[in-house]
Amino acid sequence: MPRHPDLLIERLSQPAAAALIAASGAAVVATGSVEQHGGHLPLGTDTFAAASIAERVAARLGTVVASLGPAGVAPYHLPWPGTLSLRPATLAAVMVDVCGGLHGAGAHRIVVVNWHEGNSPTLRLAADEAQRQHPVQVTIAESHVITHTLFPGEMEFTHAGSMETAAMLAYDASLVHLENATEPSEREAAETAHALFRRPDVYPVLRDFRQIAAAGWYGRPERATSARAEEIAEAVADHVVARAREIWEALDAGAASASGLSVDRGFPPAGGPE
């Protein structure tokens, strides 16, 4: 199953979008970032990568994709001109409002497909606020984390390396220009530095990506191929949908058990359309 740009909500007519959302009871939200990725990948790599996965997820759920816009929370990339960064409150407000509009169209379940670490803390807070303001259940899929987790040896968790190059190849290969790659930072040293900020227990907060890679990027983009990139994107989308359905089933079962009821709570079947 290739990309599905026809499911982007802004490309659909109002009746068509409303019908998809109402029939599925769900919607997909995509969010990424506009930040430097060396000379070989576009500034919008994270946004394009999120869109690529989100479209595939939406196709499996039979619904639409709504983007939060190209920019995300990326202040630590601002030393490189061309990077754009939103305040966390701005991104959160957009997400809450978008979720409200999707709920108004009939979405009770919302899957957020993210491809940018800097967005993650904000998305959690925004999801909580969206659920307080609207009767929706928000599930967040960190698609960059999933990609690395499913293919750890192949899709290195670097910045602008093989994983993000593969993500761009699966979105639009014409945007990848390995011949324009600038000199990367030393990979092992950058990985060690990056790991400090990715620790789950005790960790510093990143303020400037030059603390990780003075060159702005590191990794091995030449390892990515178009054919493999497509297979990986499909596997990531399958994983997102499978996990989302597991979550919905578990939450529905828990709610029914807590209330002592086994009635329809207004959500569509967890299986949903393919």
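Helix α1 is followed by G25, whose phi is positive, near 70°. The structure is a predicted model, in which local features need pLDDT of at least 70 and side-chain atom pairs count only at pLDDT 80 or more, while totals for chains, interfaces and linings use all residues. Residues are numbered from 1 along each chain as its sequence is written, and side-chain values use heavy atoms, with hydrogens and water left out. Helices (H or I, at least four residues) and strands (E, at least two) are DSSP runs, numbered from the N terminus.

Helix α1 spans residues 14-24, and A17, I21 and S24 are buried in it. These residues cover an arc of only 80° around the axis, which puts them on the same side of α1; the arc is that of the directions from the helix axis to the C-beta atoms. P15, A22 and A23, on the other side of α1, are exposed. Buried means under 20% relative accessible area, exposed over 50%, and partly exposed in between (1.4 Å probe, protein chains only). The buried residues of α1 pack against β1, α2 and α3 (88-104), where contact means heavy atoms within 4.5 Å.

An open sheet is formed by four strands in the order β2-β1-β3-β4, with parallel pairing. From one strand to the next, the twist averages 25°. Two strands pair if DSSP finds at least two bridges between them. Strand β1 (residues 26-31) pairs with β2 in the parallel sense over three bridges, and A30 stands opposite S67 in β2. Strands β3 and β4 run parallel and are joined by six bridges; the bridge partner of V111 in β4 is T139. Five of the six residues of β4 are buried, so β4 is largely enclosed by the rest of the structure. Helix α2 (residues 45-61) lies across β1, β2 and β3 (109-114), running at about 175° to β1. Axes are lines fitted to C-alpha atoms, for helices over the stretch in contact, and angles run from 0 to 180 degrees between N-to-C directions.

A search of the whole structure finds one aromatic pair. The pair is formed by F48 and Y171 and is stacked, at 4.8 Å centre to centre and 15° between the planes. It links distant parts of the chain, with F48 in helix α2 and Y171 in helix α6 (residues 162-172), 123 residues apart. Rings of Phe, Tyr and Trp (its six-membered ring) pair if their centres lie within 6.5 Å; planes under 30 degrees apart count as stacked, over 60 as edge-to-face and the rest as tilted. F48 counts as partly exposed because its relative accessibility is 24%. R198 lies over the face of F157, at 3.7 Å from the ring centre.

In α7, the residues A190, A193, H194 and F197 are buried. Seen down the axis of α7, the buried residues fall within an arc of 100°, so they line one face of the helix. E188 and T192 are exposed on the other side of α7. The loop between α7 (187-197) and α8 (226-259) contains A214, which counts as exposed at 61% relative accessibility. Not counting residues up to four places away in sequence, A214 touches W80 and S185. A214 and P184 are 30 residues apart in sequence and 8.5 Å apart in space, C-alpha to C-alpha.

Methods: Lys NZ or Arg CZ within 6 Å of the ring centre and 35° of its normal.
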